[in-house]
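Here is a short report on one helix and on some ring pairs. Please look at the sequence and the model first.

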Amino acid sequence: MTPIEEKLLEEIDALKLALEKAKKAAQENAQYKAFIEQRVNQKTKDSVFINLFSNPEYQMLLYKELFPEDKTIKPEDLELFRVERILTNHPYNDLGLLARRKLIVLAEAQTKWSVNIIYRLAEYYFQSMEDFIYKTGMNVHGTPKIDLLDVEAFVIYPGTDNVSDAISLRDVFFNGDPNKPDFKARVIHGNYKGGIIKEYINFCRVYDMQRDIHKNDMEPQKGIAATVDICIEKGYLRKYLQEHRAEVEKIMFDMYNPEYVKEREQLSRLYEEDIAFGREAGVPDAKIKELLIRRHGVTPTYAQNLLDDKPSTSTVVAL
């Protein structure tokens, strides 16, 4: 074999080795990508709320309802602004919508009202800003003032509890102390008149009724299918449900997690039984509070909130 032939074989062998390495790297990258996608699919699930208002058509309807004074808005002015929560076993019904330089932060409160919703909204805004600052190359440690997005926050509450039209982080957690930080949101509830938001609220209420009617069924699909049928008949999200029925029913079925619901119901019942038993025995609330902290590992503040709250054995599954 001539030197030239030997050199050519060496180059071929080197090329084969490089190709093998590239192939292996591509396979590993594909496997990693598939692994991440699997984790995201397993750990994060869209709700009907997120699915509906991620659709550009319904984003426009939503924006025009929230800001009727803006007559110049165009579909291309709206951009979905999601904060991905990978490490969670249940959905967060929080959504960001960027309209030009304004970030609209929305959260759906579940059927049972909780003031913790205002913390969720504040958290979503600041997480969004962290992402925005990173993407735009601003330096929060530098001396020039960074350029934050304007923000408007809203809660959509489909439940029947009597709630106010606004909620404040300062009022909820700091007793209105003017020296404490604040974050405010408008609350849209059952008294809201017409439009896509009212239709969504009605959709949620129909589902609540159907879930109660079919609570003893072994197949949750019955309540889900009935919900969609009734809402189409009554005109609640009719076009959306007709066009995306299979997708919506799958989302609702995925959200139906009987194991999680059972666990939450059992835990809530334990809290309530301890409180009820203690009070019937004449034990002071202060002692019951100590029991809740010691037995269940809850924080003192949450233990007090349990004592102050009205007992409830219902657990709501997020849409």
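This is a predicted model: local features need pLDDT of at least 70, side-chain atom pairs count only at pLDDT 80 or more; totals for chains, interfaces and linings use all residues.

Residues are numbered from 1 along each chain as its sequence is written, and side-chain values use heavy atoms, leaving out hydrogens and water.

Helices are DSSP runs (H or I, at least four residues), numbered from the N terminus. Helix H9 spans residues 245-255. Its Val248, Ile251, Met252 and Met255 are buried (under 20% relative accessible area, with exposed over 50% and partly exposed in between; 1.4 Å probe, protein chains only). Seen down the axis of H9, these buried residues fall within an arc of 95°, so they line one face of the helix. The arc is taken from the directions from the helix axis to the C-beta atoms. Ala246 and Lys250, on the other side of H9, are exposed.

The structure holds eleven aromatic pairs. Rings of Phe, Tyr and Trp (its six-membered ring) pair if their centres lie within 6.5 Å; planes under 30 degrees apart count as stacked, over 60 as edge-to-face and the rest as tilted. Two pairs are set out here.

| Pair | Centres | Planes | Type |
|---|---|---|---|
| Tyr58 and Tyr240 | 5.6 Å apart | 80° | edge-to-face |
| Tyr200 and Phe203 | 6.1 Å apart | 35° | tilted |

Tyr58 lies in helix H3 and Tyr240 in helix H8, so their pair ties together parts that are 182 residues apart in sequence. Tyr200 and Phe203 are three residues apart in helix H6. Ring pairs link Phe49, Phe53, Tyr200 and Phe203 into a cluster.

Technical notes: Helices (H or I, at least four residues) and strands (E, at least two) are DSSP runs, numbered from the N terminus.
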